[in-house]
Amino acid sequence: MKGPMRNNKAVGKKVENPMKVFKRLLGIIFKKHKLQIIVVFICIFISVFANVQGTLFIQRLIDDYIEPLIGTPNPDFTPLLLAIGKVAVFYLLGVISTYAYSRIMVYVTQGTMRDLRCDIFSHMESLPIKYFDTHKHGDIMSVYTNDVDTLRQMISQSLVQVFSSVITIISVIASMIFLSIPLTILTLVIVFIMLLISRKLAGKSGKYFLAQQIDLGTENGYIEEMMNGQKVVKVFNHEKKNIEDFKKLNDKLFHSSYNANKFANIIMPINAQIGNVSYVLCAIVGGLLALSNFAGFTLGMLVSFLTFNKNFTQPINQVSQQFNSIIMALAGAERIFDLLDEKSEEDNGYVTLVNAKKENGKLVETKEHTGLWAWKHVHQATGEVEYKELEGALVMDDVDFGYSDDKMVLHNIKLYADPGQKIAFVGSTGAGKTTITNLINRFYDIQDGKIRYDGININKIKKSDLRRSLGIVLQDTHLFTGTVMDNIRYGKLDATDEEVIAAAKLANADTFIRQLPEGYNTILKSDGGNLSQGQRQMLAIARAAVADPPALILDEATSSIDTRTEKIVQDSMDKLMKGRTTFVIAHRLSTVMNSDCIMVLEHGRIIERGTHDQLIEQKGKYYQLYTGKTA
Amino acid sequence: MIKTLAKHIKGFIKESLLTPLFMILEVIMETLIPLLMASMIDEGINKGDMNHIITTGLWMGLCALIGLFAGIMGGLYGAKASAGFAKNLRLAMFENIQTFSFANIDKYSTAGLVTRMTTDVTNVQNAYQMILRMCFRAPFSLICAMTMTFIINAKLASVYLVSIVFLGIVLIFLLKDTSKYFTQVFDKYDELNASVQENVSAIRVVKAFVREDYEVSKFNKAANNLYRLFVKAEKAMVSVSPIMMLTVYGSIIAISWIGANMIVGSELTTGELTSMLTYCMNILMSLLMVAIVFVMITMSLASAKRISGVLNESSTLKNPENPDYNVPDGSIDFENVSFSYSSTSEKPVLNNINLSIKSGETVGIIGGTGSSKTSLVNLIGRLYDASSGVVKVGGKDVRTYDLETLRNEVSVVLQNNVLFSGTILDNLRWGNENATEEECIEACKLSCADDFIQSFPDKYNTYIEQGGTNVSGGQKQRLCIARALLKKPKILILDDSTSAVDTATDAKIRNAFKNEIPNTTKIIISQRISSVEHADKIIIMDNGEINAIGTHDELVKSNDIYKEIFEAQTKGHGDFDKKGEL
């Protein structure tokens, strides 16, 4: 029964197409920062050039400027002074350009990360409910935290370092060839060995870094599950067993983390010492060459070459240090792109909901809130505009639905709700009550049949307008971080304080809100953690009430409120919704009894319908459930 | 705080000590190499002494080899010590959290604890590795290089001294605010992630109210704030590198000029000048390292604080010193008990409760939302301690019992119950690790769960998803009851545990309890009259106080609250979950 849809595909997967991901990532960075990136490249170039000039200067320092001065009675320091002045200018240029590109890169890095975060978020908000129902929330979260974070080091450091290293390497090779070809070849051979070893080690550590991410993810999941159920753990004295289980996961994470760092750590000393060996070899060989005065090779040239030698191994060392961050960033980027590539909720609707007023018996569109709503239907063929009053009539015609195509949950649902009626759905858990409401506001689309709202096929209505026309109080109450006032105002963003308080009174929440430390300004945190389930439901009802919706769906909205309070809440809701359509899903009979029509659902089918009295009369399922007698 | 964390290096002390030692050895080799280099140029190349060149070369090779060994060992031990430290920290936190009382648990959010055990520990791990590998290495390398330069030529070396002082002052000035900015960054970052989490779990609300655009603009604002803070924090950091370069270049120029003059004046050799220039890099790189370590430590300080907060949190409930391991029977007494969740709140949640329940009785508790029904029963299993008064189980104060013994005898089915990922059997065995399959089935029959479990293709081996998302609410509740039954407790408390179970099944479960576990004290909290009407006594809770205690017949006659609930519910008798739902 392990759901195939809930595969944990998040952390640690091998990147399938690294080049493609890399290209796309670069594209994103470049797109918004074209100018900056060009300036950065120029600055890096200048900075590397200045550095090379500096190194060349040291060569000339001994050979051209110091050696000639030795032993002369009245040494002329002017050429030396001039040379130093010249190199000082180069150095200054290098420093300025380094500062410039580092500073620009901060904006590029942080800007890209901000843009990506915003893109991910706004795309996520556009995804269909199905996406959220089929992905672990922890996995979605980790895109924002772990995955976006991996990009930071890569953009801010790896890119710059790789680019400047490449330029350095090229220019250093050129200079080295200029000084001595045999020594250059020697250096290159050693560097080649260095690269081979680095690649091998980086590959190993990369593998363990990915393993570390997987283990961290697993441990993360375990901690989350246990912390969530910590009270149950206490009640069942399960602490010791938990610690044992945790130890196993923790040891595994230790192992992968140790190995990942181990291989990453030893790259640097190995490369550094190979660099030293290369230095020594060049010194010996160069010494021999200089002593035999091979092809005009001088001591000064050797010193200069050795500096280049050191300068050459350094960028290579730096590049290999960046391997891991690049590997991890690509894995992170791939998951980010997976989310960005998810298909948004489709919306082909063109019928919109507008405020309206009646003039001479005709509906006219208006800007202000009138309490009267109309569907604005622009005929696509003729461009003719038609207004139709929103009444809340709902018809379901032979609707079939399943969350996946091979398993239908609802069959042949036929339903008609006249405007202003209160329609109730009853039936056992899993009979499909909540599913029906998911269809009305198009959280899911039906496979077969038609749903008409005021005679309009709901597929033609713009989703946002359809949803705006339906207030809904969900089975699971969710509150947002913010004040109680903010939370209720969520239903209508421009509601005045008075409107909010009126709504709270209607939901019978006013009394307990006033008892909170800061009343309506009390800040709720972690989903209203300290409120009881019943209090949270009252807030959710107030939130829906302040929206003053044309139609309302209440899905087990009062299940945790005691029967006495429920009655008070219900009476005021009934008053508010007078003349408007209400759908009610409930367990308790008291909640549904006074409905205009009660639908009894079983196994995804409506088996009985009618008013309470009619259904009792029928002596069917409802009667049976109601009286507790088996007919 | 440091002390709290340092305790957990245990088991990796050897590695933690060896790492800096090896790093120092590596530094010594790194310092020797340029020295040998200078000697090679001066004594060997300049004098045309090929023998000297080769001997020096061999010595250099040896140094490189030792340096390599030291570097690798330092890397290995450093990785092990820091990964081990992180492992210990996570385990210590997890262990400590396991000792938390309900009151402690209420203090932390799940997300907060998860971040502390993952992100924060990783930050500390990285910082620790950095400290081990660099904290000794960098200053030591600095000292070595400085010493060498002074040995070569004290006059020239003073140039470095000047530049080091300059760099040090500038860095301190630059970085003094960085840590502050980063703390702010982390706070904002937490907030941003919290808002994402909220949106993911409340996506239906967002969509139902068509608030996508509103949420996006809210998020963009938060992301922009984070961006601004991040830029501010990093701006200081990026000037480090150019200032470094400025100092290096300045020193090179100064040394070239002064050195040239000294060579001309025969105070210095060309080889010595080369060495001086090589040490230049060493000195300034170590300085930079010190700066980086400094920044990393300040950045991880925020994390370290959060970790030690969890580690130092001590349970508000302590096991008594000479605990009683024997609960004689399932009787319960409350004597003048008052309770509030925090000492500062004015109005107690429970006020002066007096109550006596005999072993084996069935007691119903009913009352409005927020009338403290749950708080009342939570005191029995000592999930919280009463603020004043005494709660007794089996005639003895609950605070005298061993906690584990007490909680084994008092089994609570919580209102917000949780199933864990694993098979149904795994979940049931939380009640009793050694329960046989037959015992599990027996318990499920009592809680009317056997029927639906048998209908699953994998029966008792059906895999339950995290949080029990793949079973219905009613099924979950019945599994939770079975799990509690497997403890074979003396007292069983059902806190609104059958709210999603239909009336008929509810009645069947109650019947099974009556016949199969007659000696167990049963306490049933419910909103439903039908769940409590057959109880030996019914307690009406109102506003933290006992409004009345009596049997159904008595209360229907005499108690207004009860009468009102009864009438509201009998008009609409029960609810609509059909029997044996799947």
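1. Contact between the chains. In this predicted model, 135 residues of chain B are in contact with 123 residues of chain A. On the chain B side, helix 3 (residues 50-98) gives the most, with 25 residues. By residue class, the side of chain B that touches chain A divides into 65 nonpolar, 46 polar and 24 charged.

2. Overall form of chain B. Chain B holds 22 helices and 12 strands. Its radius of gyration is 36 Å, while the globule rule gives 25 Å for 582 residues, so chain B is more spread out than a compact globule. The C-alpha trace spans about 120 × 50 × 50 Å along its principal axes.

3. Burial and contact range in chain B. Of the 582 residues, 51% count as buried. Take the contacts with a separation of 6 or more: residues 24 or more positions apart account for 79% of them.

4. Where is Gly330(B)? Gly330(B) sits in the loop between helix 12 (270-312) and strand 1 (332-339) of chain B. Is Gly330(B) buried or exposed? Gly330(B) has 23 other C-beta atoms within 10 Å; the cut-off for buried is 20 or more, so this glycine counts as buried.

5. Neighbours of Gly330(B). Leaving aside residues up to four places away in sequence, Gly330(B) touches Ser359(B) and Gly360(B), Lys490(B) and Ile491(B), and Thr520(B) and Thr521(B). Gly394(B) is 64 residues from Gly330(B) along the chain, yet their C-alpha atoms are separated by 5.5 Å.

Note on methods: Residues numbered from 1 in each chain as written. Chains lettered and ligands numbered in written order. Predicted model: local features only at pLDDT ≥ 70, side-chain atom pairs only at ≥ 80, totals over all residues. Helix = DSSP H or I, 4+ residues; strand = E, 2+ residues; numbered from the N terminus. Buried ≥ 20, exposed ≤ 12 C-beta atoms within 10 Å, placed from the backbone. Contact = placed C-beta atoms within 7 Å. Rg over C-alpha atoms; globule rule 2.2 N^0.38 Å. Nonpolar A, V, L, I, M, F, W, Y, C, P; charged D, E, K, R; others polar.
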